[in-house]
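Let's walk through this structure together, one stop at a time.

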Amino acid sequence: MALLGTLVNGICIIIGALLGAVFRNIPERVKSTVMNGIGLSVVVLGVKMGLESNQFLIVVISLVFGGALGEIWDIEEKLERLGKWMERRIGYGEEGMISKGFVNATLLFVVGSMAIVGALHSGLRGDHLVLYTKSILDGFASIILTATFGIGVLFSAIPVVAYQGSIALMATQIDRFIPPSVLEAFIAESTATGGILVIAIGLNMLQLTSVRVANLLPSILVNALIVALMHMLF
């Protein structure tokens, strides 16, 4: 079942968010220290991912054009509006917190090599180990994120399942149309591109920057187009 790993991932996020909502009385200094620890870990993970590139110029071009597209489409603002709509519907917690939790958790759980590689492995090979590992990590992270930002983190399971599920379903047929060498090149360059975004997420979590990471998400799509174009031309 191609979607098994993705469904487990979504369930772990929901369970973690529910546990985080129950244990919201964690002392502020504990939450702050743990969030800083997660932020630092996310930065290190992003650096590791960023070094996966074999042609870093592709990463730079992807970020430039992807960032421009993201600003034109204003993805970050649309995500925040969706989060605020949830706040109005639910009427739970402090104003702005559901939106903040939803956006931060969605970016953290969606942007990264494990989401892409794990979904590809699920679709191509029926191997869910990567997504099972990601599920455990996301589950623990969602506990702390919910304790910090509120129940909005729970709703990040929806875009995670939609995103990874789409990749897994496409991957069941992708090897018919895309040569293995191109697929490997895309994984390497998209991992590096995602790594830059992950670094930005970590720095935002540490409150050192305020990068609009969601507006950089189209860089993954631009990355795929560049890799495909280079394969066609060379």
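Predicted model: local features only at pLDDT ≥ 70, side-chain atom pairs only at ≥ 80, totals over all residues.

Is Ala68 buried, partly exposed or exposed? Its relative accessibility is 38%, and because values between 20% and 50% fall in the middle class, Ala68 counts as partly exposed. Now look for Leu216: Ala68 and Leu216 are separated by 148 residues in sequence, yet their C-alpha atoms are 8.0 Å apart in space.

From here, let's turn to the interior. In soluble globular proteins, nonpolar side chains tend to be buried together. The largest nonpolar core in this model has 38 residues, and Val42, Phe109, Leu145, Ile201 and Met205 are those with the most contacts inside it. At least two residues of this core come from each of helix 1 (4-22), helix 2 (28-50), helix 3 (56-73), helix 4 (75-90), helix 5 (97-110), helix 7 (129-149), helix 8 (157-174) and helix 9 (180-205). Helix 5 gives the most, with eight residues. To see some of this up close, pick Val42: leaving aside residues up to four places away in sequence, Val42 touches Leu108, Val198, Ile201, Gly202 and Met205.

Next come the helix pairs. Two packed helices are described by the angle between their axes and the distance between the axes. For helix 1 and helix 7, the angle is about 20° and the axes are 7 Å apart. Angles under 35 degrees count as roughly parallel, so helix 1 and helix 7 are roughly parallel to each other. Their crossing is right-handed. Among the residues that meet here are Gly5, Cys12, Gly16 and Gly20 in helix 1, and Ser135, Gly139, Ser142 and Thr146 in helix 7. By class, this contact has 11 nonpolar, nine polar and two charged residues.

How do helix 9 and helix 10 run, roughly parallel or roughly antiparallel? Helix 10 covers residues 218-233, and it packs with helix 9 at an angle of about 150°, with the axes 9 Å apart. Angles over 145 degrees count as roughly antiparallel, and therefore helix 9 and helix 10 are roughly antiparallel to each other. The crossing of this pair is also right-handed. Helix 9 brings Val182, Phe186 and Leu197, among others, while the helix 10 side includes Ile220, Asn223 and His231. By class, the contact has seven nonpolar, six polar and one charged residues.

Methods:
Residues numbered from 1 in each chain as written. Heavy atoms only, no water. Core = buried A, V, L, I, M, F, W, Y, C linked by side-chain atoms within 4.5 Å. Buried < 20%, exposed > 50% of the residue type's maximum accessible area, 1.4 Å probe, protein only. Helix = DSSP H or I, 4+ residues; strand = E, 2+ residues; numbered from the N terminus. Contact = heavy atoms within 4.5 Å. Axes fitted to C-alpha atoms, helices over the stretch in contact; angles between N-to-C directions. Parallel < 35°, antiparallel > 145°, perpendicular 65-115°, else oblique. Left-handed = near helix turned anticlockwise from the far one by under 90°. Nonpolar A, V, L, I, M, F, W, Y, C, P; charged D, E, K, R; others polar.
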